[in-house]
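These are my notes from going through one model.

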Amino acid sequence: MPTEFKNTLILPLISTGNVPQLSTDIILHSLSNEFKFIKSLDSTYVHPFVGALDYSIEDGKPILYESDPNKKISTALELFYNESKNLYIIQQRTPVIQGYINNFIKETIIPLIQGLKISDITILDSFGALDESIITHKFNANPNGKIDPYYSMGICKLEGIGSLSNEFDSILNLKTDPNTSIHYTNSLLQFTERSLLQEISIDQQIFKILFHLINSQLNDLTTVKYCSFFVHEGDNSLDARLFVSHFNDFVNHLTPTDVSITNVKTPISWKGVYGFNEVPSSMED
């Protein structure tokens, strides 16, 4: 077992532009020689999905799945592992069915964290200008101007929260934006000085996930890292590439190590979707 990295799980959320999923594609296929397919996860609470095994054009074959020669199709939720970086990553290809996000977290994600003895989780998210839960108050107003206009990273140290599980609402110091009536908090996550975001609202998925992680008996879990990216609707392939440029933040180091992805590979499933083909000019196309 590698000693320079903590036992980490990357969890991409279904969010604006599907940028976390596109970023996960890039990570898996750019490092396809390091990752291997572990198993399909219970997809009871996500929309059904079946597809062909994906692979990068550069690889020419689905080498991510070579550990399971009997696997012929991709499913909605799949787990991969990178032994060299002690890193698990989930690829979630369809959204959680409306009204079942709590079931999904409690019955799919929490047991996985327990079973793998995960110590650190990195949650990938994205948002756009029209996302109502991202209120004006939440943006960084650093007078020095040293703000990343797209990227935010916040960290929650679970071992330092104390009795939060018993007094969740009162300790959070929830505030209400007078213009939108949206409740938000800056008590859970400590954002970096350069982060665009500085707060989260209770309407965001990350709030619900943190709630369950804090209130579950997860003895091994110590840190939750939240990485979010500001995107525009449309072709989000470039957003995903920019997001993945922060891959060094996604993993959790025990020693000073640079694991930036230098050779970016995209999967063949992107072909014809993100700028590979000409725009159709007629109904027949």
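**Entry 1, overview.** I am working from a predicted model. I found 6 helices and 13 strands in the chain. Of its 285 residues, 50% count as buried. I then looked at contacts with a separation of 6 or more, and residues 24 or more positions apart account for 76% of them.

I started with α1, residues 19-30. α1 has 12 residues, and I get 16 Å from its first C-alpha to its last, close to the 16 Å expected at 1.5 Å a residue. How many of the residues of α1 are buried? I count 12 of 12, so I noted the helix as mostly covered, with buried meaning under 20% relative accessible area.

Next I took α5, residues 237-244. Its buried residues are Ser 237, Asp 239, Ala 240, Phe 243 and Val 244. Why do I place them on the same side of α5? Because they cover an arc of only 155 degrees around the axis. I recalled the general point that an α-helix has 3.6 residues a turn, so residues three or four places apart point the same way. I also looked up what the buried residues of α5 pack against: the helices α1 and α6 (247-250), and the strands β7 (120-127), β8 (151-157) and β13 (223-230).

Two packed helices are described by the angle between their axes and the distance between the axes. For α1 and α5 I have an angle of about 65 degrees and axes 8 Å apart. Their crossing is right-handed. On the α1 side, the contact is made by Val 19, Leu 22, Ser 23, Ile 26 and Ile 27. On the α5 side, I listed Ser 237, Asp 239, Ala 240, Arg 241, Phe 243 and Val 244.

I went back to the loop between β1 (8-12) and α1, where Thr 16 sits. Thr 16 counts as buried because its relative accessibility is 12%. Which residues is Thr 16 in contact with, leaving aside its neighbours within four places in sequence? I found Ser 126, Phe 127, Gly 128, Asp 131, Val 231 and Glu 233. Asn 18 is found in the loop between β1 and α1 as well. Asn 18 is partly exposed, at 38% relative accessibility.

Most residues other than glycine have a negative phi. I noted Asn 18 for its positive value, near 55 degrees. Lys 117 also has a positive phi, near 55 degrees. I located Lys 117 in the loop between α2 (101-116) and β7. Is Lys 117 buried or exposed? I have it as exposed, because its relative accessible area is 54%.

A disulfide is a covalent bond between the sulfur atoms of two cysteines. I searched for disulfides and the structure holds 0. Cys 156 counts as buried, at 1% relative accessibility. Cys 227 is buried too, with a relative accessible area of 0%.

Notes: Residues are numbered from 1 along each chain as its sequence is written. This is a predicted model: local features need pLDDT of at least 70, side-chain atom pairs count only at pLDDT 80 or more; totals for chains, interfaces and linings use all residues. Side-chain values use heavy atoms; hydrogens and water are left out. A disulfide is a pair of cysteine sulfur atoms within 2.5 Å. Buried means under 20% relative accessible area, exposed over 50%, partly exposed in between (1.4 Å probe, protein chains only). Helices (H or I, at least four residues) and strands (E, at least two) are DSSP runs, numbered from the N terminus. The arc is that of the directions from the helix axis to the C-beta atoms. Contact means heavy atoms within 4.5 Å. The expected span of a helix is 1.5 Å times one less than its number of residues. Axes are lines fitted to C-alpha atoms, for helices over the stretch in contact, and angles run from 0 to 180 degrees between N-to-C directions. A crossing is left-handed if the near helix is turned anticlockwise from the far one by less than a right angle, and right-handed if clockwise.
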